[in-house]
Every structure is written in structure tokens, then in C-alpha cells.
Amino acid sequence: MVKKAAKLKLFFPFVLALITATIWSVYFSQPDEKLNIYFFDVGQGDAELIQKANWQILVDGGPDDIVIERISNVMPIDDRKIETIIITHPHADHITGLIEVINRYEIEKIILTKVGYESATYKSLLELIDKKKIKTITPKIGDVEYLFDQGKITYLWPGEEVSRFENNLNNSSIVFRFDYGDFNCIFSGDAEIESWTEIFKKQKNNLPDIDVIKIPHHGSRTGLNENMTNIMRPDIAIISLGLNNKYGFPHQEILDILAKNKTRVYRTDQDKSINIRTDGKNYEIKTF
Ligand SMILES: [Zn+2]
């Protein structure tokens with residue numbers, strides 16, 4: 001009897017410690033209740049993730065497979081599903097990493113344009129989407145999609161008539177506004193000023209007073225002008241680009257325009273990946 005009691009005395013603290021550890025680990029592995037947007041450092045290219053708990057929208061996939069490492073670092077470990085992928089346009093610096101993403105994750109739907117473009121990578125990507133029977137959607141200008149509790153996407157560009165952009169694919173980029181409560185962010189792909197002129201004509205109600213803009217076309221002088229910042233008045237600008245890229249991005253004119261507007265600039269070549277976290281009222285930014 002004495003022996004048994006001694007054993008129990010040892011056993012109970014052990015079980016208690018185990019239960020406590022389990023409760024704590026479950027508690028701390030709960031998904032973040034706030035909305036997170038990640039602008040990943042993927043070198044010269046674009047890849048962004050909008051995440052609310054177990055719900056993700058991946059916007060573009062960068063120029064190679066580094067995007068896999070980036071998304072797996074921030075997604076809940078047991079979440080193997082990405083609800084939506086948005087392919088802004090078919091250039092290699094936006095789509096190459098998506099092939100591995102689609103191979104590794106379950107994808108519910110893909111938003112893309114029907115622009116014609118001949119490249120081996122884009123062909124492989126479209127074949128893979130077809131083989132996996134993933135639903136594809138091409139939004140119209142002004143289409144609104146409601147997401148999570150207070151999330152919303154408004155598609156601003158380019159709509160269904162995209163054949164006229166086949167000589168400059170950048171202008172076929174899907175541009176959209178993402179809202180979460182009072183917070184908003186413009187995702188711009190590589191859309192150039194020529195298309196912005198039309199966007200501003202058609203969507204002027206959706207463009208004033210922007211919290212965050214993903215600067216179009218990696219900070220190229222072809223993507224932004226002063227008229228645009230005068231209307232959007234963005235507080236934060238994110239430039240997605242590679243260190244010492246061969247294009248000379250970001251162009252000085254763009255940095256000058258943003259400085260004049262007192263926009264705070266974050267760059268993936270210098271700040272690495274950027275995380276904006278919001279509850280729909282306030283937001284905070286960290287780099288990592
Ligand atoms: Zn690009």
C-alpha cells in the first residue's frame with residue numbers, strides 16, 4: 001500500500017503538468033483573430049497573402065518556389081488549404097511560384113483574367129489548374145466579394161475585355177480594393193498609368209483616402225503619378241522588388257512623389273517581408 005501511494009504521488013504531478021502543457025499549447029496555437037496581410041520578400045516579383053485565421057487569399061506567387069517557405073512560415077501548421085489565389089497577370093515574376101503552391105495545397109478557387117499570353121510557365125500553370133479541376137473566375141469591374149466577418153474585395157480592373165492589353169500585359173493586371181472594417185488596401189499588380197487613368201474615371205468612389213497601397217509595377221515610373229497620390233493620399237506604400245534589380249526599381253520619381261505626399265514607404269528589398277495586422281479599426285506594421 002505504501003508503495004502504491006508513493007507511485008501515485010509521483011504520477012499525479014506528472015499528469016497535471018501534461019494537462020497544463022496541452023492546454024497551453026492548444027491555447028497558443030489558436031489562429032490569430034485579427035486580419036493579417038503579408039507582403040513577402042520574394043526577390044524581384046510579387047507575392048502577398050491575406051489571412052484571417054484559417055482563411056487565405058494568395059495574390060501572385062513570385063518568381064520561384066521561395067513563396068512556399070514564406071507562406072508556410074505564417075499559415076497555421078495544420079492548414080493545407082488556400083481558399084483563393086488571385087493571379088494578377090501572367091508575367092513570370094508573378095506566377096512561377098504558384099505551380100508549387102498548387103501542387104502542395106488544396107485550392108478552392110482561382111481568380112484570373114482571360115488575357116492571351118504565350119509562355120511555357122503560364123501554359124504549365126493553366127494545364128495544372130485544369131488537371132486539378134480548380135474553379136476559375138474572371139471578375140467584372142465593380143464586382144464585390146464579401147469575405148470573413150468584415151472583409152470585402154472590390155474588383156477595379158481590368159474586367160473581361162482584356163485582348164486590347166495583349167501588347168502590354170501589365171495593363172491587364174487585376175487591380176482590387178480590399179476592405180476590412182475601416183481599413184483598406186489597394187492591390188495593384190503591375191498596372192501602369194494608362195490603365196489607372198481609366199480606373200480613376202470608372203471607380204473614383206473607391207480610390208480616395210487609401211490606408212495602404214501596394215505600389216504598381218515594383219516602383220516603376222510607369223506605375224504611379226502625382227495625380228494618383230493626390231486622390232488616393234495613401235498613408236503607407238509597399239514596394240515589392242528585388243535588391244539591386246536590373247530594372248533600377250524603385251525609380252526615384254516614385255520615391256519623390258510618395259515623400260511629397262508624406263506616405264511611409266516599406267520595401268521588400270530593404271525591409272524584407274512586411275506584415276500589416278488589423279482589427280478593422282487600427283492597424284500595426286512589422287517587418288520580418
Ligand atoms: Zn512584375
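**Figure 1. Surface and fold of the predicted model.** The protein exposes about 14300 Å², and carbon and sulfur atoms supply 53% of it (Shrake-Rupley method, 1.4 Å probe; for residues, only the protein chains shown count as cover). This is a predicted model, in which local features need pLDDT of at least 70 and side-chain atom pairs count only at pLDDT 80 or more, while totals for chains, interfaces and linings use all residues. Residues are numbered from 1 along each chain as its sequence is written, and side-chain values use heavy atoms, with hydrogens and water left out. Nine helices and 15 strands make up the secondary structure (DSSP runs numbered from the N terminus: helices H or I, at least four residues; strands E, at least two).

**Figure 2. The zinc site.** D93 (OD), H94 (NE2), D190 (OD) and H218 (NE2) coordinate the zinc ion at 2.1 to 2.2 Å (donors are N, O and S atoms within 2.8 Å of the metal, or 3.2 Å for Na, K and Ca; water is not among the atoms, so sites may look incomplete). The four donor atoms subtend angles of 87 to 158° around the zinc ion, which makes the arrangement irregular (four donors count as tetrahedral if all angles lie between 85 and 135 degrees; four count as square planar and six as octahedral if opposite donors are over 155 degrees apart and all others between 65 and 115; anything else is irregular).

**Figure 3. D93 and H218 in the chain.** Along the chain, the zinc donors follow the spacing D-H-x95-D-x27-H. D93 lies in helix α3 (residues 92–95) and H218 in the loop between β11 (212–214) and α7 (226–232), so the pair ties together parts 125 residues apart in sequence. D93 is buried, with a relative accessible area of 18% (buried means under 20%, exposed over 50%, partly exposed in between; 1.4 Å probe, protein chains only). H218 is also buried, at 1%.
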